[in-house]
Amino acid sequence: MAPSTTTATIYYGAVINPQSLMSYATLPQCLLAVDGSGIIEWMLDNVASHELQETLAARGLLDAPVVIIPEGTFVMPGFIDTHTHAPQVPNIGTGGQYELLGWLQHITFPMEGKFSDVDFARNTYKSVVRRIIDNGTTTCCYYATIHLESTKILADIVHEYGQRAFVGKCNMDRDSPSYYVEPTVEASVTATQDLITYIRTLSKPPTPAQEPLVQPIITPRFAITCTDELLASLGTLAASDPTIRIQTHIAENPAEVEYTKGLFPSAPHYTGVYDKFGLLRKNTILAHAVHLSEEETDVIKARETGISHCPTSNFNLNSGVAPIGAYLDKGIKVGLGTDVSGGFNISILNAIQNASIASKVCAFHAPHTPATHLPALTPVFFANKPLRIATLLYLATTGGAEVCGLEKQVGSFAPGKSFDALFVNVRDAAGNPGIWGLADADRHAVAAKSGEEKEVILDGWLERFFFCGDDRNIDQVYVQGRLVGGRTYSC
C-alpha cells in the first residue's frame, strides 16, 4: 500500500454509514482518514485496537494525528435539510391554528416583510444559521425573502460559519401583500441574477472536483405568487445554466392546489405548471408533494426531479400526509425538510420522527390486502408500510444529497467524498434525560464486547438518537473536514 500523499487526520471508532434505502453499515471499529482539504482518503473496517499502529505504519501514517472516538459516541454523515425558510425561524411554534394560505397571510408574510431592514436580517440570520448547524444540519436549502441585500447577508453568514448550503431569493410578483411583493418581472429576475453572481464570487470549490460550499438556487416561491411571465423568465434563466438548482413548493394543501388550477387553466395539473416553464428538471427540489396525481408523479419521475418530504409542516398546517413510500417505490428521489416555520422544529431529527409517524399513518389507513391477492407487477417495498431505520437514515443523509445533486460529494462516507459528519454522543454525560444511554461506569464493559455485540449496541444507539435525541447529543459538526458547530464547539 502506497503511503498517503497528504497530511491526514485519522478517526478511529464507531461509524454508521448509509448504504441504501434498505440497509446501512454499522462499523464499531472503523478507521477513516480525512486529508487536509476535508476529503475522505480511505476507510477500513474491523481494525482492532491492537492493530491500529501496525495499520497506520503500513500506510506511512505513524505521525498522523489520530482522533479516538470515545465509547458511547459514533460518527455518522451530517443531516441534509432539503427545505427550510431562514426568515421564518423567529415564528417557530406559532400559527398552528391556520392552514397554509391563512398562515401565509397572518403569520409568515408579516415576518418576512421585516427583512427589508438589513440590520434586522443580519442579527436574525446569525442566530438562525448557528442554531441550524448546531442541530446537525451540514447541508441546508434556504429560502430567504424577496429582499436582495438581506439574502446576500444570509449567504455571507452561511459562508462565514462554514455550512454547505443553497441560498435563494424568493420570486413573488402577485397574490402577496402590497408591502411584500416585487414590482415587476424584470426587477425580480434582475435581483435573482445579481444574487447568483454575488454567491458565485463568494464561495470557491474546496477542490477542483467539487462544488462550492455555498451556491445560489432559483426560488419561485410557489406558482400562486408567480405570474406566467415571471415563471417563463425564470425558466429562461435556468435554461442558460443547467447546473443551477431550482426550489419551489408543490401540492402542499388542497385549497392551494385548487387555486393554482384556476390561475393556470392551460396546465394539465400543478406539476405541469412548472414543467411548462422549464422549471422541472434533474436538479429541481419540490417541497411537500402531498396531493399529487399518478400522472404528476410520472412526470416527476421522468424529469428526475426530487421531492423534499416535510412531515412536521404537513401535520402542523393540516395539509395532509405525503405518500412517500409510493414515491420511493416509483424510484423518485426523496429527502427530508424541516420547512420552518410551517414545521415547528429546526432539527432534522424531528423530521425523521414525523416521517416515521407519517408512514405509519399511511400504513394503518391502507386498505387490507387479502393473502390470496395476486402479487403486484411492481414490487412494493415502502408504500403503506412503516419506514425502517435504514430508510429514515437514508432520507436524512444520502437521499437529501441526491435531491440536491450532491450525491457524489456528501451524504455518506466513501473515499473521494467530503467529510461532512456528526459526532453523536449517547452517553448519560451528554445531559439528555430522554435517551437511555451509556453510563460512564459501563464504558469498559461495552469496550470489552465482541464486534457483533457492539454492532447490536450501535444499532440501538442510532435508533434512540433518532427518536429521543436532540442537539445535546451532537458533540461536533464537521463540514468539509472543518469543525463548524456542535455542543462542544466554541467560536
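A salt bridge here is a side-chain nitrogen of Lys or Arg within 4 Å of a carboxyl oxygen of Asp or Glu. With that in hand, take Lys169 and Glu182: their side chains meet in a salt bridge at 2.6 Å, N to O. The pair links distant parts of the chain, 13 residues apart, with Lys169 in the loop between β8 (164-168) and β9 (170-171) and Glu182 in the loop between β9 and α5 (185-202). Bear in mind that this is a predicted model.

How buried is this pair? Lys169 has a relative accessible area of 1%, and Glu182 has one of 7%. Buried means under 20%, so both Lys169 and Glu182 count as buried.

The structure holds 14 salt bridges in total. Here are three of them side by side.

| Pair | N to O distance |
|---|---|
| Lys169 and Glu182 | 2.6 Å |
| Arg122 and Asp119 | 3.5 Å |
| Lys152 and Glu149 | 3.6 Å |

Where do Arg122 and Asp119 sit relative to each other in helix α3? They are three residues apart in that helix (residues 118-134), which means about one helical turn separates them. Arg122 is partly exposed, at 34% relative accessible area, and Asp119 is partly exposed too, at 46%.

Glu294, Asp298 and Lys330 are linked in a network of them.

**Rings, and charges over rings**

On to the aromatics: the structure holds 14 aromatic pairs. One of them is Phe115 with Phe120, an edge-to-face pair with 5.0 Å centre to centre and 75 degrees between the planes. Phe115 is buried, with a relative accessible area of 0%, whereas Phe120 is partly exposed at 27%.

Phe419 and Tyr478 make a tilted pair instead, with centres 5.7 Å apart and planes at 55 degrees. What does this pair tie together? Phe419 lies in the loop between α13 (389-404) and β15 (421-425), and Tyr478 lies in strand β16 (residues 474-479), so the contact joins parts that are 59 residues apart in sequence. Both Phe419 and Tyr478 are buried.

Arg59 lies over the face of Trp42, at 4.0 Å from the ring centre. Arg130 lies over the face of Tyr161, at 5.0 Å from the ring centre.

**A helix pair**

Two packed helices are described by the angle between their axes and the distance between the axes. For α5 and helix α6 (residues 228-239), the axes come within 9 Å and cross at roughly 30 degrees. Angles under 35 degrees count as roughly parallel, and α5 and α6 are therefore roughly parallel to each other. The crossing in which α5 passes α6 is right-handed.

Thr26 lies in strand β2 (residues 24-35) and is buried, with a relative accessible area of 11%.

Most residues other than glycine have a negative phi, and most peptide bonds are trans. A few spots here go the other way.

Which peptide bond is cis? The one from Val340 to Ser341, with omega near 10 degrees. Ser341 is found in the loop between β14 (333-336) and α12 (348-365).

Asp175 has a positive phi of about 50 degrees, although it is not a glycine. This residue lies in the loop between β9 and α5, the loop that also holds Glu182. Asp175 is partly exposed, with a relative accessible area of 38%.

Ala251 also has a positive phi, near 45 degrees, in a residue other than glycine. Its place is the loop between β11 (245-250) and α7 (254-263). Is Ala251 buried or exposed? Ala251 is buried, with a relative accessible area of 1%.

Notes
Residues numbered from 1 in each chain as written. Predicted model: local features only at pLDDT ≥ 70, side-chain atom pairs only at ≥ 80, totals over all residues. Heavy atoms only, no water. Helix = DSSP H or I, 4+ residues; strand = E, 2+ residues; numbered from the N terminus. Buried < 20%, exposed > 50% of the residue type's maximum accessible area, 1.4 Å probe, protein only. Phe/Tyr/Trp six-rings, centres within 6.5 Å; stacked < 30°, edge-to-face > 60°. Lys NZ or Arg CZ within 6 Å of the ring centre and 35° of its normal. Axes fitted to C-alpha atoms, helices over the stretch in contact; angles between N-to-C directions. Parallel < 35°, antiparallel > 145°, perpendicular 65-115°, else oblique. Left-handed = near helix turned anticlockwise from the far one by under 90°.
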